[in-house]
Amino acid sequence: MRPIVLALSLSVALASSAARAEDGERGDGVGVSMRLDDQGHGVVRAHTEIAAPPELVYRTLLDCDRAARIMPGVRRCKVVSKDATGEIREHVVLFSFFLPAVRSTSRVTLEPNRLIRFTCIRGDIRACDGTWRLTPIDGGRRTQVDYDFWASAPFGLPIDLVGRMMRRDAPAALRALRRECEQP
């Protein structure tokens with residue numbers, strides 16, 4: 001029991017220090033906000049611009065081989081099945097060295113080059129929903145990326161801790177996505 005309490009205490013400290021920046025636009029061109037909704041879900045909204053067309057950003061977001069480079073903590077991404085409207089995907093994510101890996105299976109609905117919507121259907125995260133919205137700008141040479149995500153806490157973790165981790169990871173994901181899309 002004592003190692004679990006220690007692990008949770010360290011995780012809270014790490015998440016708290018990572019989330020000290022104020023909500024809003026950051027100096028790196030990434031805007032982010034985090035709040036808790038009335039049901040106790042963590043809600044994160046983030047946005048950035050990427051110097052690449054929406055088609056490239058869309059393909060990059062869907063590339064399981066790149067998932068670990070884009071999404072913090074992702075250890076595995078697997079497309080389980082596909083149909084005309086989307087996919088079923090499995091992810092294994094390690095949010096912190098002190099916490100067990102989180103397994104999540106999501107239904108992903110696709111609007112090519114415009115929208116990726118995902119909803120948790122089973123796994124450690126009991127409820128989640130999110131979107132990646134891609135809007136062409138500058139004649140389609142650049143893309144406005146808007147990321148919205150809400151989730152319940154896995155393993156009975158305090159939602160404030162999970163919200164802080166979400167707030168830490170969303171800007172990191174957008175910066176990594178921008179790097180992946182803009183590198184020659």
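Predicted model: local features only at pLDDT ≥ 70, side-chain atom pairs only at ≥ 80, totals over all residues.
**Entry: salt bridges**

I ran the search for salt bridges and got a count of 12. I then picked a few to look at.

I started with Arg175, which forms a salt bridge with Asp28; their closest N and O atoms are 3.1 Å apart. Arg175 sits in helix H4 (residues 159-182), while Asp28 is in the loop between strand S1 (24-25) and S2, so this pair ties together parts that are 147 residues apart in sequence. I checked how open the two ends are. Arg175 has a relative accessible area of 30%, so I wrote it down as partly exposed.

My next stop was Asp83, whose side chain meets that of Arg107 in a salt bridge, with 3.1 Å from N to O. Asp83 belongs to the loop between strand S4 (74-82) and strand S5 (86-93), and Arg107 belongs to strand S6, so the pair ties together parts 24 residues apart in sequence. Asp83 is partly exposed because its relative accessibility is 44%. For Arg107 I noted 23%, which means partly exposed as well.

Then I turned to Asp169 and Arg168, whose side chains meet in a salt bridge at 2.8 Å, N to O. Are these two buried or partly exposed? Asp169 has 13% relative accessibility, so it counts as buried, the cut-off being under 20%. Arg168 has a relative accessible area of 23%, so it is partly exposed.

**Entry: aromatic rings**

How many aromatic pairs does a search of the whole structure find? I got three. In the pair of Trp132 and Tyr147, the ring centres are 4.2 Å apart and the planes stand at 35°, so I called this pair tilted. It links distant parts of the chain: Trp132 is in strand S8 (residues 128-137) and Tyr147 in strand S9 (residues 142-151), 15 residues apart. Trp132 is buried because its relative accessibility is 6%. Tyr147 is at 7%, so I put it down as buried.

Tyr147 also forms an aromatic pair with Phe149, and that one is stacked, with 6.1 Å from centre to centre and 15° between the planes. I looked up Phe149 as well, and it is buried, as is Tyr147. Putting the rings together, I found that ring pairs link Phe118, Trp132, Tyr147 and Phe149 into a cluster.

**Entry: Ser106**

One name from that cluster came up again here. Ser106 lies in strand S6 (residues 102-111). I listed what Ser106 touches, leaving out residues up to four places away in sequence: Glu87, Ile88, Arg89, Phe118, Thr119, Cys120 and Ile121. Why does Ser106 count as buried? Its relative accessibility is 7%, and buried means under 20%.

**Entry: the S2 and S3 hairpin**

I finished with strand S2 (residues 31-36) and strand S3 (residues 42-50). They run antiparallel and are joined by six bridges. I followed Ser33 across and found its bridge partner in S3 to be Arg45. The hairpin has five residues between the strands, and in it Gly40 takes a positive phi near 85°.

Notes. Residues numbered from 1 in each chain as written. Heavy atoms only, no water. Helix = DSSP H or I, 4+ residues; strand = E, 2+ residues; numbered from the N terminus. Buried < 20%, exposed > 50% of the residue type's maximum accessible area, 1.4 Å probe, protein only. Contact = heavy atoms within 4.5 Å. Phe/Tyr/Trp six-rings, centres within 6.5 Å; stacked < 30°, edge-to-face > 60°. Pairing = 2+ DSSP bridges. Salt bridge = Lys/Arg side-chain N within 4 Å of Asp/Glu carboxyl O.
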